[in-house]
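Try each task before reading its solution.

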Amino acid sequence: MSDTDFWNPMVPELLVRDFHHSLRFYCDLLGFDIRYQRNGPSFAYLQRGCIQIMLQQLDNDGWQVGELQAPFGRGMNLQMVVDQLEPLLLALEENGVALFRQPQEIWYPMGNRASGQREF
């Protein structure tokens, strides 16, 4: 099965204030491709390898269940597994994107062993 045949059974959909700005961030900086896109409101289904995410322009008729205040997405973390972290960090730095937390190695208990990863 190719990546274009694969549909994750659960994909986060993020409401965004500036669709085109968010689309550039995910595609140009983080390396996602547009799987498909539509208007009214602006929407894109994005993919990077097997990672999938949806973006939708905030509107008053959508899934907004309460008042949204910037920054959106508070209380939610997204995990992306990538082969190389450094190109992403460089792209973010070159575009003036400040990190909430600098990259660090973190180890989590998983049963009788630990699993480590670099995260930011």
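A nonpolar core is a set of buried Ala, Val, Leu, Ile, Met, Phe, Trp, Tyr and Cys residues joined through side-chain atoms within 4.5 Å. Buried means under 20% relative accessible area. The model used here is predicted.

**Exercise 1.** Find which members of the largest nonpolar core touch the most other members.

Solution. Start from the 17 residues of this core. Those that touch the most other members are Leu23, Tyr26, Phe32, Leu46 and Leu55. Next, sort the core by element: E1, H1, E3, E4 and H2 each give two or more residues. H1 gives the most, with 5 residues. As background, nonpolar side chains tend to be buried together in soluble globular proteins.

**Exercise 2.** List the buried residues of helix H1 and state what covers them.

Solution. H1 spans residues 19–29. Its buried residues are Phe19, Ser22, Leu23, Tyr26, Cys27 and Leu29. Their cover includes the strands E1 (13–16), E2 (33–38), E3 (43–48) and E4 (51–57), together with helix H2 (86–94). Now take Leu23 and leave aside its neighbours within four places in sequence: Leu23 is in contact with Asp28, Ile34, Gln37, Ala44, Leu46 and Leu55. Finally, look past the helix: Gly31, which follows H1, has a positive phi near 80°.

**Exercise 3.** Describe how strands E2 and E3 are joined.

Solution. The two strands run antiparallel and are joined by 5 bridges. Across the pair, Tyr36 stands opposite Tyr45 in E3. The hairpin of E2 and E3 has 4 residues between the strands. In this hairpin, Gly40 takes a positive phi near 80°.

Methods
Residues are numbered from 1 along each chain as its sequence is written. This is a predicted model: local features need pLDDT of at least 70, side-chain atom pairs count only at pLDDT 80 or more; totals for chains, interfaces and linings use all residues. Side-chain values use heavy atoms; hydrogens and water are left out. Buried means under 20% relative accessible area, exposed over 50%, partly exposed in between (1.4 Å probe, protein chains only). Contact means heavy atoms within 4.5 Å. Two strands pair if DSSP finds at least two bridges between them.
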